[in-house]
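Work through the exercises below with the sequence and the 3D view open. Each task is followed by its solution in steps.

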Amino acid sequence: MSKLLYIQASPRADRSHSRKVADSFVETYRQEHRGAEILTLDLFHRDLPAFDGEAVNAKYRILHGEKPTEVERKAWREVEAIISEFTAAEKYVFAVPMWNFGIPYRLKQYLDILVQPTYTFSYTPEDGYKGIITGRPVFVAYARGGAYPAGTEAEGYDFQKPYLETILAFMGMSDIRSVVVEPTLQEGPDIGKAKRDEAIAKAREMARQF
Ligand SMILES: Cc1cc2nc3c(=O)[nH]c(=O)nc-3n(C[C@H](O)[C@H](O)[C@H](O)COP(=O)(O)O)c2cc1C
C-alpha cells in the first residue's frame, strides 16, 4: 500500500480554504484506499531546522565533492531527517495558500531543505540536472484571495503555482494534478465558499483516480 504524505502550508487551520480542499481529497483517498498509510505534516507546527550557515556550507561541500566538517555534519543530519521523511512517501498532497503572490515562507523553508544534490536531484556535466523523485503523483490544492485567470494581466502575478510546480518538477515530479480556489476574499465570503465547494467536489473526484 502506497504511503501518502499530506503537507499543509496554511496556518489557518479550519478556516483555510486550501486545507479544506486538500482534507476532502485525503478523506476520499482514504475511503478508496482502506488501510492506506497517510502522514500529515503541518509546516507551521513542525520544528523545521534553519537552513543557515552550516547547512549551506554542507550543501556546497557535497556539490564540490568534499567532506563536511563535524559541525556541518551535525546540521546536515537534521536536513537529512526531513528529506528522508519526504522521500519515504510515494504520493504527495499539498495545501498551499498564495502569500504575496508566492508561497508561504514555511513552505519555502521546507523546499530549501528538500532540494539537495544527490538526495532529490543530481547533476553531471554530461546530463545536466536530473530529478531523483520520479514516478510519484502529486495533488496540490491552491487558494488565493484574488483571481489570476489564464490569459489575463493578473496571471503574470501568480508566482505560487508556477514556482511550486517548477521546483517539484526539478526534483523529478512530472505527474502534478491540482485544483485552484479563487477568489477566496476579493468577492466576499459567499463567493469564496461557493468556489471552495466547487473545488472540493473536483478534488474528491480526482482523489478517486489518485
Ligand atoms: C500574508 C498573506 C499574504 C497574502 N497575499 C496574497 C496575495 O499576494 N494575493 C492574493 O490573491 N491573496 C493573498 N492573500 C490571501 C490568501 O491567498 C487567501 O486568504 C487564501 O485563501 C489563503 O489560503 P488559505 O485559506 O488556505 O489559508 C494573502 C494572505 C496572507 C495571510
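## Exercise 1: the ligand shell

The largest share of the shell around the ligand, 3 residues, is supplied by H1. This is a predicted model, in which local features need pLDDT of at least 70, side-chain atom pairs count only at pLDDT 80 or more, and totals for chains, interfaces and linings use all residues. Residues are numbered from 1 along each chain as its sequence is written. Helices (H or I, at least four residues) and strands (E, at least two) are DSSP runs, numbered from the N terminus.

Task: state how many residues surround the ligand and how they divide by class.

Step 1. The ligand is surrounded by 17 residues, where near means a C-beta atom, placed from the backbone, within 6 Å. The closest are Ser18, Pro97, Gly145, Gly146 and Thr184.

Step 2. The shell divides into 6 nonpolar, 8 polar and 3 charged residues. Ala, Val, Leu, Ile, Met, Phe, Trp, Tyr, Cys and Pro count as nonpolar, Asp, Glu, Lys and Arg as charged, and the others, Gly among them, as polar.

## Exercise 2: helices H2 and H3

Task: find how H2 and H3 are oriented to each other, and which residues make the contact.

Step 1. The axes of H2 (residues 53–63) and H3 (residues 70–87) come within 8 Å and cross at roughly 95 degrees. Axes are lines fitted to C-alpha atoms, for helices over the stretch in contact, and angles run from 0 to 180 degrees between N-to-C directions.

Step 2. H2 and H3 are therefore roughly perpendicular, the term for angles of 65 to 115 degrees.

Step 3. On H2, the contact is made by Glu54, Ala55, Asn57, Ala58 and Arg61; on H3, by Val71, Glu72, Arg73, Ala75, Trp76 and Val79. Contact means C-beta atoms, placed from the backbone, within 7 Å.

Step 4. By class, this contact has 6 nonpolar, 1 polar and 4 charged residues.

## Exercise 3: the two sides of H2

Task: say which residues of H2 are buried and where they lie around the axis.

Step 1. Glu54, Ala55, Ala58 and Lys59 are the buried residues of H2. Buried means 20 or more other C-beta atoms within 10 Å of the residue's own, exposed 12 or fewer, and partly exposed in between, with C-beta atoms placed from the backbone.

Step 2. These residues cover an arc of only 140 degrees around the axis, so they lie on the same side of H2. The arc is that of the directions from the helix axis to the C-beta atoms.

Step 3. The face turned away from the buried side of H2 carries the exposed residues Gly53, Tyr60 and Leu63.

Step 4. The buried residues of H2 pack against H3.

Definitions and conventions:
Parallel < 35°, antiparallel > 145°, perpendicular 65-115°, else oblique. Contact = placed C-beta atoms within 7 Å.
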